[in-house]
Amino acid sequence: ASIDEVFRCAAGGAADFGVVPVENSTEGVVARSLDLFLTTPLGIIGETSLFVRHNLLRKNESLDGIAAVCAHPQALAQCHTWLANHLPNVERRPVASNAEGARLASLDASLAGIASERAASEYGLHLVAPAIQDDPHNRTRFAIVAHPEQHPQPNASGHDCTSLVVSVTNRPGAVHDMLVPLKVHGVSMTRFESRPARSGQWEYYFYIDIAGHPDELPVAAALKELRGVCAFYKLLGTYPIDTH
């Protein structure tokens, strides 16, 4: 029903793997997934990038009489323009997932959901409006997560990504010093995100993706030096890049 539940199931052994969204081409980072990487033991062992097609689903076959549209906040944001043009006075109700939005729509004719065609089939809903996402090329990147004791990190494939989360002390030049080891050893940084540390002190965690595998000497050297300048360091995982 939620990203939190995916993490709980995979961390507790109820599931062998979890699949969670981490980044969308329209709305950017999925903050909840990043936050949960800090508080669970799960590691990333793979990724996949999927084209996301959002559809408006409902028990009835028209747009008339819709009181609220239920969907995950990211989906509501990704369909903002369509909703503003076609349902300008209708409540946008955020729920835990698009599947949950479809389920709610199946129980109440005044509700509509934003979800996939599979969800429409699962919950017996009509596809009232197809492909309502604002960006026709809308894609979401998903991380495949698992407990490291059950599924160790994959061996180097030659086309790998290494993800980590770090923090540095709040002093002038600290972020610069954190990035120097990557430059010195010729390691490319492919993603850099920040999230509040929730300490009340305007401190941040930095989520970094770099190209390569720790078994490769330049990556290993860069990570060793990086760890030395960080107040907090956690390797989230190393995995083959999804090239699709």
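Student: How many residues does the largest nonpolar core have, and which have the most contacts inside it?

Tutor: The core has 19 residues, and Phe 7, Val 20, Phe 37, Ile 44, Ala 143 and Val 145 have the most contacts inside it. Such a core is a set of buried Ala, Val, Leu, Ile, Met, Phe, Trp, Tyr and Cys residues joined through side-chain atoms within 4.5 Å. This is a predicted model, in which local features need pLDDT of at least 70 and side-chain atom pairs count only at pLDDT 80 or more, while totals for chains, interfaces and linings use all residues. Residues are numbered from 1 along each chain as its sequence is written, and side-chain values use heavy atoms, leaving out hydrogens and water.

Student: Which residues does Phe 37 touch?

Tutor: Leaving aside residues up to four places away in sequence, Phe 37 touches Phe 7, Val 20, Val 22, Leu 42, Ile 44, Ala 143, Val 145, Lys 234 and Leu 236. Touching is contact, that is, heavy atoms within 4.5 Å.

Student: What lies 2.6 Å from a polar atom of the side chain of Ser 33?

Tutor: The backbone oxygen of Pro 21 lies at that distance.

Student: What is the order of the 4 strands in the open sheet?

Tutor: The order is S2-S1-S9-S3, with antiparallel pairing. Two strands pair if DSSP finds at least two bridges between them. S1 and S2 have 2 bridges. Glu 23 stands opposite Val 29 in S2.

Student: Which strands does H2 touch where it packs on the sheet?

Tutor: H2 touches S1, S2, S3 and S9, and its direction makes about 125° with that of S1. Axes are lines fitted to C-alpha atoms, for helices over the stretch in contact, and angles run from 0 to 180 degrees between N-to-C directions.

Student: How many aromatic pairs are there?

Tutor: The count is 3. Rings of Phe, Tyr and Trp (its six-membered ring) pair if their centres lie within 6.5 Å; planes under 30 degrees apart count as stacked, over 60 as edge-to-face and the rest as tilted.

Student: What makes the pair of Phe 192 and Phe 206 stacked, edge-to-face or tilted?

Tutor: The ring centres are 5.3 Å apart and the planes stand at 25°, so the pair is stacked. Phe 192 is in strand S11 and Phe 206 in strand S12, so the pair ties together parts 14 residues apart in sequence. Phe 192 is partly exposed at 32%, whereas Phe 206, at 11%, is buried.

Student: What kind of pair do Tyr 205 and Phe 232 make, and why?

Tutor: Their centres are 5.3 Å apart and their planes at 70°, so the pair is edge-to-face. Tyr 205 in strand S12 and Phe 232 in strand S13 are 27 residues apart. Phe 232 is partly exposed, at 27%.

Student: How many of the residues of S12 are buried?

Tutor: In S12, 6 of its 8 residues are buried. S12 pairs in the antiparallel sense with S10 over 6 bridges, and with S11 over 7 bridges.

Definitions and conventions. Polar contact = N/O pair within 3.5 Å; in protein donor to acceptor, adjacent residues only side chain to side chain. Buried < 20%, exposed > 50% of the residue type's maximum accessible area, 1.4 Å probe, protein only.
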